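Subject: Structure handover

Hello,

Here is the structure for you to look at. My notes on what turned up follow below it.

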Amino acid sequence: MTHPRMFAITDPVLARVRDLALALPEAVEVEAWGRPTFRAGTPMFAVYGVHDGHDTGLVFKPDPDERPALEHDERFYAPPYHGPAGWLAIDLAADSDWDEVRELLEGSFRQVANRRQLAALEPA
């Protein structure tokens, strides 16, 4: 069953997320469930545009050491479907802290990336 597209190709917030996510080693974008997902090869590390009124939500897998602090920050919430598996989400806007978003994406990527991809993140 094909899901209808649940995002606008021209969404400027998605464009920023896409730039950050696809800058990670071997990261790819795959449309799944009608939404853009970002993957480290096969494993998923982010989903954009969730449900329940969070059209610009970014779902990510938090670094286990950072998770407790994020759970106490009112900007973060447990998204449907992914939340029970330990993922969190944040609503994004044009004025979001994009350095923070980059860190969240990289932390999520590190949770699923293989050794080669992780090595490519390290400075030479």
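A contact here means heavy atoms within 4.5 Å. The model is predicted: local features need pLDDT of at least 70, side-chain atom pairs count only at pLDDT 80 or more, and totals for chains, interfaces and linings use all residues. Residues are numbered from 1 along each chain as its sequence is written, and side-chain values use heavy atoms, with hydrogens and water left out.

Start with Arg67. Helices (H or I, at least four residues) and strands (E, at least two) are DSSP runs, numbered from the N terminus. Arg67 sits in helix 2, residues 67–71. Neighbours within four places in sequence aside, Arg67 contacts Pro62, Gly86, Trp87 and Leu88. Take Leu88: from Arg67 the C-alpha to C-alpha separation is 8.5 Å, across 21 residues of sequence.

Next, the cores. "Buried" means under 20% relative accessible area, "exposed" over 50%, and "partly exposed" in between (1.4 Å probe, protein chains only). A nonpolar core is a set of buried Ala, Val, Leu, Ile, Met, Phe, Trp, Tyr and Cys residues joined through side-chain atoms within 4.5 Å. The largest such core holds 27 residues. Phe38, Phe45, Leu58, Leu92 and Leu105 have the most contacts inside it. Two or more residues come from each of helix 1 (12–22), strand 2 (35–40), strand 3, strand 4, strand 6 (88–91) and helix 3. Helix 3 gives the most, with six residues. Leu105 touches Val17, Leu20, Ala21, Leu24, Phe45, Ala46 and Leu58, leaving out residues up to four places away in sequence. Another core of six residues lies apart from the largest one; Met44, Val47, Tyr77 and Trp87 are among its members.

Now the strands. Two strands pair if DSSP finds at least two bridges between them. Strand 4 pairs antiparallel with strand 3 over three bridges, and antiparallel with strand 6 over four.

On to the aromatics. Rings of Phe, Tyr and Trp (its six-membered ring) pair if their centres lie within 6.5 Å; planes under 30 degrees apart count as stacked, over 60 as edge-to-face and the rest as tilted. That rule gives two aromatic pairs. Phe45 and Phe109 have ring centres 5.2 Å apart and planes at 90 degrees, so this pair is edge-to-face. The pair joins distant parts of the chain, 64 residues apart: Phe45 is in strand 3 (residues 44–48) and Phe109 in helix 3 (residues 98–112). Phe45 is buried at 0% relative accessibility, and Phe109 is buried at 0%. The other pair is Phe60 with Phe76, also edge-to-face, at 6.0 Å between centres and 75 degrees between planes. Phe60 lies in strand 4 (residues 57–60) and Phe76 in strand 5 (residues 76–77), 16 residues apart. Phe60 is buried at 1%, and Phe76 is buried at 8%.

Last, Gln117. Is Gln117 buried or exposed? Gln117 counts as buried because its relative accessible area is 1%. Gln117 belongs to helix 4, residues 115–121. Beyond residues up to four places away in sequence, Gln117 touches Pro25, Glu26, Ala40, Gly41 and Phe109.

Best wishes
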